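Colleague: I am new to this model. Could you walk me through it?

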Amino acid sequence: ASPGYIRQTQEVFTSEALPSLQRFKQGLDVLEAEVSRQADNTYAIMSEHLKSNQMVLIALNIVAILVGLLMTLVIARSVTAPLRQVVEVADRIAQGDLSHGLALQQHVEQGGRRKDEIGVLRGAFARMSATLLNVANSLERIAQGVLTMEVRPISERDVMGKALQAMTINLRELANRTRDAVTVLASSVGQISASTAQLSASSSE
């Protein structure tokens, strides 16, 4: 190749190819800067979303904890309050006061019945209290001399009811025998009085 051709080639490269390469490099630099800027924006957005999601998760956890505590308090109160009531009634009955058992029975009958074990316990305790109150009323009537009432055991296993029934029957029979004995005694006294009067009259004659 001649020196003129080489110089012409260098001039073409310097005047045309080199500026194109420089513009291409500048374009690559701009593209790189844009990609970097977009990457930074994407990272910032993702970081913001992550922080927002973390706050949402924290808030949800706090709400879940509060709801759990509230449910625990409600459940605990629904369990402890009836048990406390049963314990108070049991303590009253131990002291001889049966009126609170009647109040518990009325509360159960008026819609306070529950379907769980606590409700079963309250119902059984209310029935027991009512049975004890009926026995106490029967004993009070017997103490007042009322022996005409009918005492019926509530079941075959009602030992107290059977004993009260037997006692009532025995006291009624004893009262009847006593009345008959008093009648016979009164009749005998009358006969003795009549005989005494006759003897007195005969002695006077």
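Modeller: Start with Ser138, which is found in helix H3. Helices (H or I, at least four residues) and strands (E, at least two) are DSSP runs, numbered from the N terminus. This is a predicted model, in which local features need pLDDT of at least 70 and side-chain atom pairs count only at pLDDT 80 or more, while totals for chains, interfaces and linings use all residues. Residues are numbered from 1 along each chain as its sequence is written, and side-chain values use heavy atoms, with hydrogens and water left out.

Colleague: Is Ser138 buried or exposed?

Modeller: Buried means under 20% relative accessible area, exposed over 50%, and partly exposed in between (1.4 Å probe, protein chains only). Ser138 has 15% relative accessibility, so Ser138 counts as buried.

Colleague: Which residues is Ser138 in contact with, leaving aside its neighbours within four places in sequence?

Modeller: Contact means heavy atoms within 4.5 Å. With those neighbours left out, Ser138 touches Met149 and Leu164.

Colleague: How far apart are the C-alpha atoms of Glu150 and Ser138?

Modeller: Glu150 sits in the loop between H3 and helix H4 (159-204). Glu150 counts as exposed because its relative accessibility is 62%. Along the chain, Glu150 and Ser138 are 12 residues apart, and their C-alpha separation is 9.4 Å.

**Helices and overall layout**

Colleague: How many helices and strands does the protein have?

Modeller: Read along the sequence, the pattern is α-α-α-α. The count is 4 helices and 0 strands.

Colleague: How far apart are the end C-alpha atoms of helix H3?

Modeller: The expected span of a helix is 1.5 Å times one less than its number of residues. Helix H3 (residues 117-143) has 27 residues, so it should span 39 Å. The model agrees: the end C-alpha atoms are apart by 39 Å.

Colleague: Which residue with a positive phi follows H3?

Modeller: Its phi is near 95 degrees. The residue is Gly145.

Colleague: What share of the residues of the protein count as buried?

Modeller: Buried residues in H3 include Ile118, Phe125, Leu133 and Ile142. The protein has 205 residues, and the buried share is 14%.

Colleague: Which backbone oxygen lies 2.8 Å from a polar atom of the side chain of Thr168?

Modeller: Thr168 lies in helix H4. At 2% relative accessibility, Thr168 counts as buried. The oxygen belongs to Leu164.

Colleague: Leaving aside its neighbours within four places in sequence, which residues is Thr168 in contact with?

Modeller: The list again leaves out neighbours within four places in sequence. Thr168 is in contact with Ile142, Leu147, Met149 and Val151.

**Salt bridges and the patch**

Colleague: How many salt bridges does the structure hold?

Modeller: A salt bridge is a side-chain nitrogen of Lys or Arg within 4 Å of a carboxyl oxygen of Asp or Glu. Lys25 and Asp29 meet in one, at 3.4 Å, N to O. Glu156 and Lys162 form another, with the closest N and O atoms 3.8 Å apart. The structure's count is 3.

Colleague: How far apart are the closest N and O atoms of Arg37 and Glu34?

Modeller: Arg37 and Glu34 are 3 residues apart in helix H1, so about one helical turn separates them. An α-helix has 3.6 residues a turn, so residues three or four places apart point the same way. Arg37 is partly exposed, with a relative accessible area of 40%. Arg37 forms a salt bridge with Glu34, and the closest N and O atoms are apart by 2.4 Å.

Colleague: Which helix gives the most to the nonpolar patch?

Modeller: Patches are made of residues with over 30% relative accessible area and no salt bridge: like charges are joined within 9 Å, nonpolar side chains (Val, Leu, Ile, Met, Phe, Trp, Tyr) within 5 Å. Val63, Val67, Met71, Ile75, Val79, Leu83 and Leu121 form this surface patch, with about 550 Å² of accessible area together. With 6 residues, the helix that gives the most is H1 (residues 3-94).

Key: Areas by Shrake-Rupley, 256 points an atom, 1.4 Å probe, with all protein chains shown as cover. Polar contact = N/O pair within 3.5 Å; in protein donor to acceptor, adjacent residues only side chain to side chain.
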